[in-house]
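Dear colleague,

Please find below the structure that I am handing over to you. A short account of the findings follows it.

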Amino acid sequence: MHGRSLSRLYATRPTSCAVVPDSFLRRADPRTKLALSILASLAVMLPLPRLVVFVSAYAVLVLAAGLVRQVGEQVWRIRLLLLVLFALDWVFIGAGFAVLITLRLVLLVTSFTLLFATTTPEEMRQAIERLGVPPRFAFVFATTYRSLELVRSEWLGIIEAQRARGITLQETREWSWTAWRARLAWAVSLIVPAVVLVAQRAWSITEAAAVRGFDSPRRLPARSLRLARVDHVLLAATAGLFAGLYIWQ
Amino acid sequence: MLAALVVLANVTLRFPIRMPGHSGVVWMALLVVARAVVPRHGAAAVAALFSGIMAALMGVGDKGALDTVLSYLAAGVGVDLVMVVAGNPERAIVCVAAAMTGNIFKLAVKVLLELWIGIPTGFILLGRLYPAATHVVFGAAGGYLGFLVLRALRRAGFFAYLAERR
């Protein structure tokens, strides 16, 4: 494995998801946030004047929720694409169209920040379950997320063991058949033990869950989600905004 | 658990090639392996969806969470579709076709999102022509890698071990 990737793997802390702790959206139900994110994504279909109104309201929500940094980071990642698209659209079609496409792209890229930057994996599991996904799948999701750190350390162990045996990837941009065979052989030597370890881990978890009565027909969730006042306010405000935009037509 | 492996591999395990779609080599290989290890329709799609949600929670992906989740899911659906039609993942050609389709589906999601927001088709065609070609090539490489991994697992008796546990 070449140095940059290895240092990235050491630096990765998979389970430390970037949830904003002091955002008021932390108190909102994940289903409400999912609905808001979907509606914000659908708003890209609006024509320019109404889109500007919607984006302004969206910006107020982002500001109030303390998600400016998260949204800013998302936009910064696509800055080059935004600049190129804006310039091309302006030159070939017009300034209005360039603004429209830029706003749409920004909205689409950042809309789900409302959900993912304010929801913990456990809340996500509860939401998935409440949305009608079988509990088995929701459990698999939560367990997998919690196991990321474990899988990462096992993956590191495999890489170090292979390095000790002299199995490393030479950093080369060569496009010959031999170079590609070496790359694939190196990847096989990493993936095979990782798959075996992960499968063993999955079996252990399945057995532990079965022993604890996971498949019991009388199984009840320990906690379930309920819509609070903040959810009703957010949903009503969004519905009001869309109704207003529709009437404005 | 294979979904966890998909996310970690995507974050960290990259070949030192600066070309669009190259992440698909290890990614598609893992999806092909996931579909072979869990021989049920939709297994790759479920693993892909979970890895997509986890990646979005971790802030992975340069075009937002929606693009991340949909791209991951589409890759899994592509792999599953070919496996449903072609059946046996023991043949190299099936693995290659499945991974190629998965990698192209991943790109297709990006193109569809771009079309949806109204970017002119000409710009998209121009911008996505070269990535489409590289996605096919790297998808095929990923499929072949998946085939090699499956062959190694079979030789090591992994599938016999799984059958015994079931």
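How many residues does the contact take from chain B, and how many from chain A? In this predicted model, the contact takes 46 residues from chain B and 52 residues from chain A. On the side of chain B that touches chain A, at least two residues come from each of H1, helix H2 (24-37), helix H3 (43-58), helix H4 (64-86), H5, helix H6 (121-155) and helix H7 (158-165) of chain B. H1(B) gives the most to this side, with 8 residues. By residue class, the side of chain B that touches chain A divides into 38 nonpolar, 4 polar and 4 charged residues.

Turning to the fold, chain B has 7 helices and 0 strands, in the pattern α-α-α-α-α-α-α along the sequence. A compact globule of 166 residues would have a radius of gyration near 15 Å, so the 16 Å of chain B agrees with that expectation. Along the principal axes, the C-alpha atoms of chain B fill a box of roughly 55 × 30 × 30 Å. Of the 166 residues in chain B, 59% are buried. Among contacts in chain B between residues at least 6 apart in sequence, 72% join residues at least 24 apart.

As to confidence, the model scores ipTM 0.86 and pTM 0.84. Chain B has a mean pLDDT of 87, with 96% of its residues at 70 or more. Within chain B, confidence is lowest in helix H1 (residues 2-12), at a mean of 75, and highest in helix H5 (residues 92-116), at 93. Helix H1 of chain B, where confidence in the chain is lowest, is also the element that gives the most to the side touching chain A.

Yours sincerely

Technical notes: Residues numbered from 1 in each chain as written. Chains lettered and ligands numbered in written order. Predicted model: local features only at pLDDT ≥ 70, side-chain atom pairs only at ≥ 80, totals over all residues. pLDDT = per-residue confidence, 0-100. Helix = DSSP H or I, 4+ residues; strand = E, 2+ residues; numbered from the N terminus. Rg over C-alpha atoms; globule rule 2.2 N^0.38 Å. Buried ≥ 20, exposed ≤ 12 C-beta atoms within 10 Å, placed from the backbone. Contact = placed C-beta atoms within 7 Å. Nonpolar A, V, L, I, M, F, W, Y, C, P; charged D, E, K, R; others polar.
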